[in-house]
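User: I would like to go through this model with you and ask, for each label, what it rests on. Please set the values against the cut-offs as we go.

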Amino acid sequence: MKKMLSSLLSIVILLGLVLAVGASEPAQGGMEIVLYLGNPMMTVNGVEEEIDPGRGTVPVLQDGRTLVPVRAIVEAMGGTVTWEESTQTATLTYADNEIRLTLGMYTAYLNDVAHTLDVAPVSINDRTMLPIRFVAEGFQFDVSWEEAQQCITITKAAEPQETPSATPVPEEQPDESDTAALVVYFSATGNTRALAEKVAEAAAADLAEIVPEEPYTSEDLNYNVADSRANQELDADARPAIEPMAENPEAYDVILLGYPIWFGECPPPVRTFLEEYALSGKTIMPFCTSGSTGISGSLALIRELCPQSTVTEGFRGTASTTNAQIEAWLTENDFSMAGRADAEEPSGITLQIGETVFTATLAENSSAEALRDLLAQGPLTIEMSDYGNFEKVGSLGTSLPRNDEEITTEPGDLILYQGNSFVIYYDTNTWNFTRLGKIQDVTQEELREVLGSGDVTVTLSLA
Ligand SMILES: Cc1cc2nc3c(=O)[nH]c(=O)nc-3n(C[C@H](O)[C@H](O)[C@H](O)COP(=O)(O)O)c2cc1C
């Protein structure tokens, strides 16, 4: 079983890049670069172009790793790449960050700090193959791999616009209520670390890492080798020693526990953590990253090791997990946002229709969260028109998660229809759709008058 898992996993886990030279300006806006195994084309922000013009270079699988040519990627990112033949070293720069990698060397440098790669750069067809996750994440891009479509997606969120302000922003004061939850995570190759940072932000929780006294090398992690450290520890049900933690988990009520799935379970250093610290009476909320395995199979062991703790349902995330998805998991498992930084987020929206501005509260579901995230990027203007005799409907221009249920509408209800249509109800109708919110203190007559008959423009903003 372990062997079968190993060979399957070796196909899905690790990525690399081919390197060449390119230069342009770092992009200010968001970016998405999508590549497919065996396909010489990629899309950059939806526009198709050749990955390595004139050479037909394609992302390939080699020794279970996906190797991706990087010339166009680095240029699209706005970075530069130089190659020093004498030392066989590539230097990649993007914004203020610099990465140095040397052919055949497992040590790479990000801003002069040494990091251990899980695959050493190699040269294929005059192209230097580099590990994509290290490079992209070093430049603060996200990387995700979709096994079903054999697709690599590299993304960067748009940089927020700076608004000049004459008033100095007061420093945030520490709040006692913010310290009740701690994200504790173990990460051998960085995936879980990236997710843990997002979870800590979404939950307004502190962050602490489980650091094994003896770090895992890439050889240690090679589950294809029968006597690798990972396999030996699994067979021995080992508890490898861990460093004292930066934060004291025993001072927290809720532990959000992040780990990579190893052989379907939480890795041995996590087991050491669960046994070494007194977690009785606490709530443990597990989350993971993995090649493809879900988290549910790893929960029984955590419950066995912490019989006096409440272990909630788990959450499997990836580099592209959104804040709304994390918050949906948190709220579904009764994680209280009360008193946390996120609770200070605007809880409502405004709808401007002509000269009239209505205020609406948002529903408590992942759809409304996603709408809030969308509006956090700026106001959204929707062209709406009559549909039945009950409502105005317009396209959001994007899809939000659906939480459909049978609803009998009232005047002022804001509804998500089929995931991508925004609906303002001024009359009563019963249907299966998703509640997004409700305009406060409005009558059917007022709404009908402001919305008028025919097409109308509505601008949504965070309140
Ligand atoms: C020893 C070992 C065993 C693994 N076992 C599994 C597994 O059973 N199922 C799976 O989907 N991924 C498995 N993986 C892949 C990791 O879960 C995945 O790459 C994870 O995102 C790594 O997280 P990290 O970068 O935080 O260490 C395994 C990886 C290693 C090193």
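User: In which helix is leucine 234 found?

Analyst: Leucine 234 belongs to helix H5. Please keep in mind throughout that this is a predicted model.

User: Why does leucine 234 count as partly exposed?

Analyst: A residue needs 20 or more other C-beta atoms within 10 Å to be buried, and 12 or fewer to be exposed. Leucine 234 has 17 C-beta neighbours inside 10 Å, so it falls between these limits and counts as partly exposed.

User: What makes helix H6 largely enclosed by the rest of the structure?

Analyst: Helix H6 covers residues 268-276, and because seven of these nine residues are buried, the helix is largely enclosed by the rest of the structure. The buried ones are Pro268, Pro269, Val270, Arg271, Thr272, Phe273 and Leu274. They pack against strand S16 (181-185), helix H5 (229-236), strand S18 (254-260) and helix H7 (299-305).

User: Why are H8 and H9 called roughly antiparallel?

Analyst: Helix H8 (residues 323-332) and helix H9 (residues 366-376) pack at an angle of about 150 degrees, with their axes 9 Å apart. Angles over 145 degrees count as roughly antiparallel, and H8 and H9 are therefore given that description. The crossing in which H8 passes H9 is right-handed.

User: Which residues of H8 and H9 meet, and how do they divide by class?

Analyst: On the H8 side they are Asn323, Ala324, Gln325, Glu327 and Ala328, and these meet Ser366, Glu369, Ala370 and Asp373 in H9. The residues of this contact divide into three nonpolar, three polar and three charged.

User: What else do the buried residues of H9 pack against, besides H8?

Analyst: The buried residues of H9 are Ser366, Ser367, Ala368, Glu369, Ala370, Leu371 and Arg372. Besides H8, they pack against strand S23 (356-362), strand S27 (413-417), strand S29 (430-439) and strand S30 (456-462). After H9 comes glycine 378, with a positive phi near 140 degrees.

User: Why are H4 and H8 called roughly perpendicular?

Analyst: The axes of H4 and H8 come within 9 Å and cross at roughly 65 degrees. The range of 65 to 115 degrees counts as roughly perpendicular, and H4 and H8 are therefore described in that way, though the value of roughly 65 degrees lies at the limit of that range. The crossing of H4 and H8 is right-handed. Lys198, Val199, Ala202 and Ala203 of H4 make the contact with Asn323, Ile326, Glu327 and Leu330 of H8. By class, five residues of this contact are nonpolar, one is polar and two are charged.

User: Which helices give two or more residues to the shell around the ligand, and which of them gives the most?

Analyst: The shell consists of 23 residues, of which Ser187, Thr189, Asn191, Thr192 and Pro260 are the closest to the ligand. Helix H1 (2-12) and helix H4 (191-203) are the elements that give two or more residues to the shell, and H4 gives the most, with three. The residues of the shell divide into eleven nonpolar, eleven polar and one charged.

User: How many helices and strands does the protein have, and what share of its residues count as buried?

Analyst: The protein has ten helices and 30 strands, and 37% of its 463 residues count as buried. Among the contacts with a separation of 6 or more, 67% are between residues 24 or more positions apart.

Note on methods. Residues numbered from 1 in each chain as written. Predicted model: local features only at pLDDT ≥ 70, side-chain atom pairs only at ≥ 80, totals over all residues. Near = placed C-beta within 6 Å. Helix = DSSP H or I, 4+ residues; strand = E, 2+ residues; numbered from the N terminus. Nonpolar A, V, L, I, M, F, W, Y, C, P; charged D, E, K, R; others polar. Contact = placed C-beta atoms within 7 Å. Axes fitted to C-alpha atoms, helices over the stretch in contact; angles between N-to-C directions. Parallel < 35°, antiparallel > 145°, perpendicular 65-115°, else oblique. Left-handed = near helix turned anticlockwise from the far one by under 90°.
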